[in-house]
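Visitor: Hi, I'd like to go through this structure with you. Can we start with the charged side chains?

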Amino acid sequence: MEQITIHIRDRRKARALRDFLKSLDYVEKVTIADLRNRSAARGNQVDFFASAGIWSGRKVTVESLRQKAWPRRT
């Protein structure tokens with residue numbers, strides 16, 4: 001099986017191309033990938049530790065998060 005990757009700027013045109021390709025009997029599968037985060041799509045690594053400290057100065061605990069996420073129903 002062969003694979004072709006095409007980068008298209010306009011979402012409507014990408015859908016039109018996808019619909020056309022799906023109509024061909026020799027095309028097995030057509031998917032559209034949403035690449036809004038272009039730096040990650042290009043293979044650039046994101047620095048995980050760059051977001052360190054975003055919760056500093058806030059009173060957030062594991063228990064408070066759990067209570068908001070899974071409130072007990074009595």
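Visitor: How exposed is Arg 66?

Guide: This is a predicted model, so keep that in mind. Arg 66 counts as partly exposed, at 45% relative accessibility.

Visitor: Which residue does Arg 66 form a salt bridge with?

Guide: Glu 63. Their closest N and O atoms are 3.4 Å apart. The cut-off for a salt bridge is 4 Å, so the pair qualifies.

Visitor: And where do Arg 66 and Glu 63 sit?

Guide: In helix α3, which covers residues 62-69.

Visitor: Is Glu 63 buried or partly exposed?

Guide: Partly exposed. Its relative accessible area is 46%.

Visitor: Why can such side chains pair at all?

Guide: Opposite charges can pair when the charged atoms come close.

Visitor: What about the exposure of Arg 18 and Asp 19?

Guide: Arg 18 is partly exposed, at 23% relative accessibility. Asp 19 is partly exposed too, with a relative accessible area of 43%.

Visitor: New topic. Which residues form the nonpolar patch on the surface?

Guide: Ile 54, Trp 55, Val 60 and Leu 65. Together they have about 410 Å² of accessible area.

Visitor: Where is Trp 55 found?

Guide: In the loop between α2 (38-41) and α3.

Technical notes:
Residues numbered from 1 in each chain as written. Predicted model: local features only at pLDDT ≥ 70, side-chain atom pairs only at ≥ 80, totals over all residues. Heavy atoms only, no water. Buried < 20%, exposed > 50% of the residue type's maximum accessible area, 1.4 Å probe, protein only. Salt bridge = Lys/Arg side-chain N within 4 Å of Asp/Glu carboxyl O. Helix = DSSP H or I, 4+ residues; strand = E, 2+ residues; numbered from the N terminus. Patch = residues over 30% accessible without salt bridge, like charges linked within 9 Å, V, L, I, M, F, W, Y side chains within 5 Å. Areas by Shrake-Rupley, 256 points an atom, 1.4 Å probe, with all protein chains shown as cover.
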